[in-house]
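Thanks for coming. I will take you through one structure, starting with its pocket, then its strands, then its cores.

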Amino acid sequence: MRIRTQDEATLWLHSLVRAGAPRGKAAHESSTQLFQQLGNPQDALPAVHIVGTAGKGSASAALTVGLLAAGESVAAHLSPHVYDLRERFTIDASLPDWTQVVEAVDAVAAAAARMATAPTFFAATTATAVELGRQCGVDRLVIEAGIGGRVDATNVLGREDVLTIITAIGLDHTDVLGTTEQQIANEKAAVLACRREAVLGPQPSDAVTKMIRNIARVEGVELVEVEASCDFQSDAVATASAALALLGHPPVA
């Protein structure tokens, strides 16, 4: 089946929102298979991977502004969307044309058709964002994780130069990630494996901060920590600016 129109693209993506869709490890394995069927386009570009419980969207937006100001073009994966499905896969902080989206979704749907089990909606929108980035020839991917880290659909970035940002971690999706902040932090910070550099945004829990420091030390990751301010938006800008510094760019203006 070919995806040729906006309505067909939207209908196919929404068909993946279903009872009994994979969760946890099964969802991650499904996402890995989807990207493999696509030829792993996520590994053709440098990327920033943003995980956490709160503040991911704000950090992603601030980082994208900084990257654009530095002259880079950016494909971003965000969630959830509010008004328009295309909010989940922007190009240079703008909604892509539906013609581009249809072409990307068609490629993702063709890859999914070669799988034994359909991927999740979230995995498919992640893949669409990456495929759009490939088609548009962007310089960098900014990928916002969903519910976790280790078993998240976005944990498919295989390059060693992927920069990780960890925003504030709290209790979320306890049915998949664990029932304590430390367990959840351990799941989210698992994305540090095989990484070189990471930014740790302000954390509400000292225990979480210590745990992530230890994980970074064990993995040999250079961890830049951001001091908390009294404002979450200022925290997001500071976190994005720390990431930009590691990438050799000026801070967010």
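The largest pocket has a volume of about 490 Å³. Keep in mind throughout that this is a predicted model. How do you find a pocket at all? Rolling a probe the size of a water molecule over the atoms shows where empty space is left.

There are 23 residues lining the largest pocket. Closest to its centre are Arg23, Thr120, Phe122, Gly146 and Ile147.

Now the strands. Begin with S1, residues 47-51. Is strand S1 covered or exposed? It is mostly covered, and five of its five residues are buried. Look at which way they point: Ala47, His49 and Val51 go one way from S1, while Val48 and Ile50 go the other way. Both sets are buried.

S1 has strands to pair with. It runs parallel to S4, and four bridges join the two. It also runs parallel to S5, residues 163-166, again through four bridges. In S4 it stands opposite Val142, and in S5 it stands opposite Leu163.

Follow the pairing on to S5. Both of its faces are covered, with Leu163 and Ile165 buried on one side and Thr164 and Ile166 buried on the other. S5 is then joined by three bridges to S6, residues 197-200, and these two strands run parallel. There, Ile166 stands opposite Leu200.

Last, the cores. The largest nonpolar core has 39 residues. Which of them touch the most other members? They are Ile3, Trp12, Leu13, Leu34, Val105, Val108 and Leu141. At least two residues of this core come from each of helices H1 (6-15), H2 (25-38), H4 (98-113) and H5 (121-136), and from each of strands S3 (89-91) and S4 (140-144). H4 gives the most, with nine residues.

Setting aside neighbours within four places in sequence, Val105 is in contact with Ile3, Ala9, Trp12, Leu13 and Thr128. Apart from this core lies another, of 17 residues, including Ile50, Leu63, Val74 and Val252.

Methods: Residues are numbered from 1 along each chain as its sequence is written. This is a predicted model: local features need pLDDT of at least 70, side-chain atom pairs count only at pLDDT 80 or more; totals for chains, interfaces and linings use all residues. Side-chain values use heavy atoms; hydrogens and water are left out. A nonpolar core is a set of buried Ala, Val, Leu, Ile, Met, Phe, Trp, Tyr and Cys residues joined through side-chain atoms within 4.5 Å. Buried means under 20% relative accessible area, exposed over 50%, partly exposed in between (1.4 Å probe, protein chains only). Contact means heavy atoms within 4.5 Å. On a 1 Å grid over the protein atoms alone, a cavity is a set of points where a 1.4 Å probe fits but cannot get out, and a pocket is an open set with protein on both sides within 12 Å along at least five of seven lines; lining residues have an atom within 4 Å of a point. Grid points are joined across faces, edges and corners, and a volume is the space filled by probe spheres set on the points. Two strands pair if DSSP finds at least two bridges between them.
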